[in-house]
Amino acid sequence: MKYTEQVSNKLNELLKKNYDAEAGYKQAAENVKNSQLKSYFENRAKDRYDFGHQLKNEIKSFGQEPDKGTSISGDAHRFWMNIKSKFVANDEEAMLEEAIRGEKAFVENYNEIINETNLPPSTSSVLKTQKDNVESALKDVKSLEIVA
């Protein structure tokens with residue numbers, strides 16, 4: 001497999017995870033009543049939408065085709081989150097916990113790609129900026145735990 005294909009495959013995996021996160025955040029925003037949490041989830045969904053477009057552009061710059069749609073595991077996770085929110089006494093707290101877990105996993109995903117691969121400067125810059133945004137969102141979501 002060529003280097004460009006290897007990098008594109010990793011970026012496509014990250015792209016699918018961004019699709020998953022976007023859909024999960026949209027679902028969370030629909031299920032919370034607290035306006036601060038709703039706003040937080042809506043903003044994270046928008047970020048993931050933007051991240052997806054940036055990743056698509058990077059993938060195309062390698063002459064590869066971006067994946068479309070969410071992953072099966074992401075769909076299953078959102079299904080579980082939806083079921084869990086119906087049965088947990090504090091829906092908003094459960095969704096917030098899932099958001100924290102997801103953000104931590106995202107930071108790990110970004111670090112793996114950034115540290116493992118000798119990336120072109122443009123790709124490295126996009127990934128580092130997105131990772132920084134996720135880390136900032138993680139700090140924000142932790143401060144919202146008090147609200148939930």
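Here are some questions and answers on how the labels for this predicted model are reached.

Me: What makes this protein α-α-α-α-α along the sequence?
Reply: There are 5 helices and 0 strands, and reading along the sequence gives that pattern.

Me: What does Lys131 touch, beyond residues up to four places away in sequence?
Reply: Val107, Tyr110, Asn111 and Ile114. To count as a contact, heavy atoms have to be within 4.5 Å.

Me: How do you know that the span of helix 2 agrees with what a helix should give?
Reply: Helix 2 covers residues 35–61, and its 27 residues at 1.5 Å each should span 39 Å. The end C-alpha atoms are 39 Å apart, so the two agree.

Me: And how does helix 5 do on that check?
Reply: Its 24 residues reach 35 Å from first C-alpha to last, close to the expected 34 Å.

Me: What makes Asn34 a cap for helix 2?
Reply: A side-chain oxygen of Asn34 lies 2.8 Å from the backbone nitrogen of Gln36, at the N-terminal end of the helix. The cut-off for a polar contact is 3.5 Å, so that distance passes. Just after helix 2, Gly63 takes a positive phi of about 75°.

Me: What makes up the largest nonpolar core?
Reply: It has 34 residues, and Phe41, Tyr110 and Leu127 have the most contacts inside it. Helix 1 (3–31), helix 2, helix 4 (91–116) and helix 5 each give two or more residues to this core.

Me: Which residues does Leu127 contact, leaving aside neighbours within four places?
Reply: Leu11, Leu14, Leu55, Tyr110, Ile113, Ile114 and Leu119.

Me: What makes Tyr25, Tyr40 and Phe41 a cluster?
Reply: Ring pairs link them, and rings pair if their centres lie within 6.5 Å. By this rule the count comes to 4 aromatic pairs.

Me: Why is Arg48 said to lie over the face of Phe106?
Reply: Arg48 is 4.3 Å from the ring centre. A charge sits over a ring within 6 Å of its centre and within 35 degrees of the ring normal, so the distance is inside the limit. Arg48 is also one of the buried residues of helix 2.

Methods. Residues are numbered from 1 along each chain as its sequence is written. This is a predicted model: local features need pLDDT of at least 70, side-chain atom pairs count only at pLDDT 80 or more; totals for chains, interfaces and linings use all residues. Side-chain values use heavy atoms; hydrogens and water are left out. Helices (H or I, at least four residues) and strands (E, at least two) are DSSP runs, numbered from the N terminus. The expected span of a helix is 1.5 Å times one less than its number of residues. Buried means under 20% relative accessible area, exposed over 50%, partly exposed in between (1.4 Å probe, protein chains only). A polar contact is a pair of N or O atoms within 3.5 Å; within protein, one must be able to donate a hydrogen and the other to accept it, and residues adjacent in sequence count only if both atoms are side-chain atoms. A nonpolar core is a set of buried Ala, Val, Leu, Ile, Met, Phe, Trp, Tyr and Cys residues joined through side-chain atoms within 4.5 Å. Rings of Phe, Tyr and Trp (its six-membered ring) pair if their centres lie within 6.5 Å; planes under 30 degrees apart count as stacked, over 60 as edge-to-face and the rest as tilted.
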